[in-house]
Amino acid sequence: MFPLLSTASALTMLFTVPVFSASPIKSRPSLQLTHNIQPDRAKDWGQRVSETSFGSYVIGNPDAPVKLLEYLSLTCPHCAELTRESLQPLMHHYISKGLVSLEIRHAVRDAFDATATLLVRCGDRQHYIDRVEQIFNNQNRWMDSAIEFSQKQAKVRDNISYEAFFQKAATDTGLIEMMKPVGLTSDQSLLCLKDPVALDLLKRQSVEIIEKSKIPGTPYLLLNGRPITDSRTKPDWAIIDSKIKAALQKKN
């Protein structure tokens, strides 16, 4: 499990120029979620993506009997490993059938994580989970480029706006190209990377997660409000699958 930084450290790394003050997350307009929906096996709930008042996305039936909440970081190798192992069986066996919903909250750790998060949340939310999967499937490659980019930037020592940093980082690490197969043009990506509303939401979500949720690290999963594992146990698909099966049995 990847440990999280303190609020001050995280925000300093996330928003190097300038450093922002942070305010608590307030409710914002979101999709109206329909209640009392029974799982419908004839419908592919994996195509349904809703937005919560927190600003996070929920994949699947919002009234599924089992609700899975995952805190993740797009620069976290353990998160990438878990996603590669578990996302497809989770979608096929549970989410698509309306039995489980998956809410993802981004515990952003650094500026590269912020860059990637702005991109996966950009544009049509129907492709959101495809973009997350694309980022994780190619994490080793683009993170190697991110390390090279950081070393070059350290030598330059220029003051750079966060918009310029995100755009340059996304271009030089290959993230812009990586988003093209999952529904984003270069122009769309570059616009999202300088969207002040999206950036402010990401900042406030990060503060909320670090200060109030107090998760020990990433990946961190809750099933119907309860942690799937303790902080010393690395979650994997076998554990997640067994917990889901047990929860569904209790509901029947």
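Tutor: Let's talk about the aromatic pairs, then the charges over rings.
Tutor: This is a predicted model, where local features need pLDDT of at least 70, side-chain atom pairs count only at pLDDT 80 or more, and totals for chains, interfaces and linings use all residues. Residues are numbered from 1 along each chain as its sequence is written, and side-chain values use heavy atoms, with hydrogens and water left out.
Student: OK, how many aromatic pairs are there?
Tutor: Eight, where rings of Phe, Tyr and Trp (its six-membered ring) pair if their centres lie within 6.5 Å; planes under 30 degrees apart are stacked, over 60 edge-to-face, the rest tilted.
Student: And which type is phenylalanine 112 with phenylalanine 165?
Tutor: Tilted, because the planes are at 55°, with the centres 5.7 Å apart. Phenylalanine 112 is in helix H3 (residues 111–120) and phenylalanine 165 in helix H6 (residues 162–172), so the pair ties together parts 53 residues apart in sequence. Helices here are DSSP runs (H or I, at least four residues), numbered from the N terminus.
Student: Is phenylalanine 165 buried or exposed?
Tutor: Buried, at 14% relative accessible area; the cut-offs are under 20% for buried, over 50% for exposed and partly exposed in between (1.4 Å probe, protein chains only).
Student: What about phenylalanine 149 and phenylalanine 165?
Tutor: Their planes are at 70°, so that pair is edge-to-face, with centres 5.6 Å apart.
Student: New topic: which ring does arginine 121 sit over?
Tutor: Tyrosine 57, with the charged end 4.5 Å from the ring centre. The rule is NZ of Lys or CZ of Arg within 6 Å of the ring centre and within 35 degrees of the ring normal.

Definitions and conventions
Helices (H or I, at least four residues) and strands (E, at least two) are DSSP runs, numbered from the N terminus.
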